[in-house]
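I opened my notebook to look up a few spots in this structure. Here is what I had on screen.

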Amino acid sequence: MAAGDGVREAEVCIIGAGAAGGIMALELARRGIRVVVLESGPRHDLARRGDYSRRFVKGENPWESPLKGIDRYTTGGSVGYRLEWNRARGVGGSTLHWEGTTLRLRADDFRMRTLHGVAEDWPISYEELEPYYGKAERALGVAGTPDDPWASPRSTAFPLPPFPLSFSDGFFARACRKLDIALHHVPQARNSLPYGGRSQCHACGTCHVCPTGAKASTDLTHIPQAVATGHADVVADATVLRLEVDGSSQVRSVVYAGGDRRERRLSARLFVVAAGGVETARLLLLSASPDFPRGLANRSGLVGRYFTSHPMIDVTGRVAERVYPYRIGFSTAMSGQFAMPRDRQRRGAFLLEFLNSAGPLPGEIAPVSGAWGTALGQRVKTEFGRTLGIRIYAEQLPIAANTVTLDAGVTDYFGNPVPHITYGIGPYERAALKEAEEVAAKILATLGAEDIRSGPLGYAAHQLGTHRMGSDPAQSVVNAHLRAHDVPNLYLVGGGTFVTVSSSPPTLTIAALAIRTAEHIAEVYRGQGTIRRTHRSGVPAAGMAT
Ligand SMILES: Cc1cc2nc3c(=O)[nH]c(=O)nc-3n(C[C@H](O)[C@H](O)[C@H](O)COP(=O)(O)OP(=O)(O)OC[C@H]3O[C@@H](n4cnc5c(N)ncnc54)[C@H](O)[C@@H]3O)c2cc1C
Ligand code: SF4
């Protein structure tokens, strides 16, 4: 369906069809609630993924929007967070592009204030979220095994068996045994066996663009099922420009547009913003009104504040043996041992991911070798495939100075101010990275590696904390059910709700929270009888905004 066709009103309007929006759509629709999802990007059909993979290996980003300037942003702060390759627009959202590592948070991660005296506690506990983690794992099809001794208890088995450890994992396993570090499988939303009507992983290795559909993305795992219920419509190429409130501080409609820039309206009883950690905050700020002069749902002034990610560093070393890298497109082993450190009031937790692909490729070795012919062949043969790498993901504390704000000086495709991201790290994160680099170097040294070095500071494609949850409306934007404190019919879902971020990737937690919120919406609102049928027609019904 093209932008604006047919649908003018919904019971629930969801903005964004990524991880959170896609999951909410299915969970509401299968309970008989009529939803309309407005998604800014296009549909990316599975049939076109082969071509997308070929473009991806040539260095192109196939997920880039065709609308010039729609992804524009500006950046500042000591690190300068960039969004290119760190999010995707389209039905499926960033799950089109993600790596699929699906870790739960640990019980302690929800209680940083109580246990360590830093940041804030979440308003919900691991135990409350645990059943929803199980549901999220089943829906996404997570392959794993409960061999992480540091994980919190789970009540359900992984739906799929784990991927076997790789050849190079064998090196790391040897070193970790000697150093008494627990190495375990990486749980991932990737089919180790056929599952959910999707094929088994073929180990082709272009996982940022999976041509087979073996990697879970909500355009495959949730959206088609939501539409099949007959209760959900997904409108692609529909960018929401602002939300509009009535005199009682409730959202009444959204204004959206497609590539033709023509403004349309959609009214609904309930609104769910699921546009990702940056765009959800920006959309609220763009929706300022006399009732909400600082931005919709922003009486606390916290919308866009505490922008958080996971600082990252790769540590590599050269070993004498061949390690056969680049044969598997994802990591199969990790260690969660340091995700639970004892002195977490002083420095962050961290995860170690043992890479299956590290070191220069033949095409990178050749141009700098200065060699030709047989000598070049020999150089590539000697140098390639002898590098081992360990990736560090560090925990970051929420920092008030890290923000998403509006940059009025730069506008996007629709003429709206773009997001400005201010991002840096502090002593807490630096201390975590320093210790993690020492541990990684020790593992590599135990393997006899030479030329052990740390790469540059990076950050994960995780955009978190910008509309955080809490019980106190002065200290948070949404409550424990992700409903905006200031706007009774507005829910904000996604990584922006995280109070603290642990060292784990966020998406399984985003998914679990979305399922819980959908269940809450269905219970509360259907109980009150306030949700009514969708009107679907090219002709607006009386009283509807157009
Ligand atoms: C390269 C990469 C690797 C990653 N690897 C992992 C991983 O291994 N594990 C993990 O846990 N996480 C990973 N992530 C992060 C993961 O993808 C995100 O955490 C997750 O997708 C966030 O879900 P979301 O629904 O909040 O946002 P998204 O999935 O980004 O969805 C937001 C959607 O909203 C749409 N939208 C935005 N603005 C508007 C608007 N104004 N109107 C209408 N629609 C709008 C966007 O087009 C998008 O489709 C990775 C991300 C990337 C990019
Ligand atoms: S390795 Fe598996 S998950 Fe990755 S792109 Fe190939 S089939 Fe998809």
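**Ground rules.** I am working with a predicted model, where local features need pLDDT of at least 70, side-chain atom pairs count only at pLDDT 80 or more, and totals for chains, interfaces and linings use all residues. Residues are numbered from 1 along each chain as written, chains are lettered from A and ligands numbered from 1 in written order, and side-chain values use heavy atoms, without hydrogens and water.

**Ligand 1.** I started with the residues near this ligand (near: a heavy atom within 4 Å of the molecule). There are 37 residues around ligand 1, and A20, E39, R89, S94 and T507 come nearest. Next I looked for close N and O pairs to the backbone. A polar backbone atom of A20 is 2.8 Å from an oxygen atom of ligand 1. For G100, a polar backbone atom and an oxygen atom of ligand 1 are 3.2 Å apart. At E99 the ligand atom is a nitrogen, 3.0 Å from a backbone N or O atom.

**Ligand 2.** I then checked what surrounds ligand 2, and found R190, H202, T206, P211 and K215 among the residues there. Its shell divides into six nonpolar, four polar and two charged residues; in this scheme Ala, Val, Leu, Ile, Met, Phe, Trp, Tyr, Cys and Pro are nonpolar, Asp, Glu, Lys and Arg charged, and the others, Gly among them, polar.

**Helix α8.** Helices here are DSSP runs of H or I with at least four residues, strands are E runs of at least two, and both are numbered from the N terminus. How many residues of α8 (276-286) are buried? I counted ten of eleven, with buried meaning under 20% relative accessible area (1.4 Å probe, protein chains only). G277, E279 and R282 are among the buried ones. The cover over them includes β1 (9-15), β6 (239-245) and β8 (264-273).

**H462.** I found H462 in the loop between β16 (458-459) and β17. H462 counts as buried because its relative accessibility is 13%. Its side chain makes a polar contact of 2.8 Å with that of H310; such a contact is a pair of N or O atoms within 3.5 Å, and within protein one must be able to donate a hydrogen and the other to accept it, while residues adjacent in sequence count only if both atoms are side-chain atoms.

**E519.** My last stop was E519, in helix α12 (507-528). E519 counts as buried because its relative accessibility is 16%. Its side chain joins that of Y132 in a polar contact of 2.6 Å. E519 and E27 are 492 residues apart along the chain, yet their C-alpha atoms are separated by 7.3 Å.

Note on methods:
Buried means under 20% relative accessible area, exposed over 50%, partly exposed in between (1.4 Å probe, protein chains only). Contact means heavy atoms within 4.5 Å.
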